[in-house]
Amino acid sequence: MSPAEILNCDCDQLAGSALWLVMENGCYIDQFLPGEDIVVSVNGCKITGSYECTITRHWGEEVGREHYHVKDIIPPSMFDEVYWDGVEKVLTSCPEMFSVWATKQVSGFFGNNHLMHHIDGHTVDVCPNCGCHPERPQRIIFCCNPARSAVFDSSVDKLVEWLASQRTDASLTILLSEYLRSRGDVLMSLLCTPR
């Protein structure tokens, strides 16, 4: 072997030995390397890709975790169990207006009379279709007005069609359809139990 090949073999052996030592002892090298004048990190982890994407994602996770906790949607201990990359992929692949609607539903910033009342003070805080007070974002789902119900049913039909076009598992599609069509009368956990 040439001197370069001998050095290469020696380096491979040393690297292998170091990896085994790390795996046995759990002692990893510091991620901050000598000669790095500036290191940007989030939660102690060095950013190695786009700063903007990483910082925005971190901020979104923190705000989302707090929002879902305050709204009693997802406990903080379960937040990281959600497959958020999958949620993002779904929301970017489905029709834009569905993404807008879903975002507004979860955030609570929906153009309804309850919020409009707080903005201008002149809007009456009642559902324009059934007169229910106050008109919260959920009203669009729960309002039993025939016209709103028809629009809601049509939207669920379109969502089911879209899920099928994305080859979503049939049992998941049925579960989501049943849950949405129950309009809050049935808990998702009850639909998930074997029947």
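**Close-ups of a predicted model**

This structure, a predicted model, holds 3 aromatic pairs.

**View 1. Tyr68 and Phe79 pair up in a tilted arrangement.** Here the ring centres of Tyr68 and Phe79 sit 6.2 Å from each other, with 40 degrees between the planes. Tyr68 belongs to helix α2 (residues 51-70) and Phe79 to helix α3 (residues 76-79), so this pair ties together parts that are 11 residues apart in sequence. Are these two residues buried or exposed? Both Tyr68 and Phe79 are buried.

**View 2. Phe79 also pairs with Trp84.** The centres of these two rings are 4.9 Å apart and their planes meet at 35 degrees, so this pair counts as tilted too.

**View 3. Tyr68, Phe79 and Trp84 make one aromatic cluster.** Take a look at Phe79 in this view: Phe79 pairs with Tyr68 and with Trp84.

**View 4. Helix α1 covers residues 3-25.** Follow α1 along its 23 residues: from the first C-alpha to the last, the helix reaches 33 Å. That is close to the 33 Å you'd expect at 1.5 Å a residue. While you're tracing the helix, here's a handy rule: an α-helix has 3.6 residues a turn, so residues three or four places apart point the same way. And what comes just after α1? That's Gly26, which takes a positive phi of about 70 degrees.

Technical notes: Residues are numbered from 1 along each chain as its sequence is written. This is a predicted model: local features need pLDDT of at least 70, side-chain atom pairs count only at pLDDT 80 or more; totals for chains, interfaces and linings use all residues. Side-chain values use heavy atoms; hydrogens and water are left out. Helices (H or I, at least four residues) and strands (E, at least two) are DSSP runs, numbered from the N terminus. The expected span of a helix is 1.5 Å times one less than its number of residues. Rings of Phe, Tyr and Trp (its six-membered ring) pair if their centres lie within 6.5 Å; planes under 30 degrees apart count as stacked, over 60 as edge-to-face and the rest as tilted. Buried means under 20% relative accessible area, exposed over 50%, partly exposed in between (1.4 Å probe, protein chains only).
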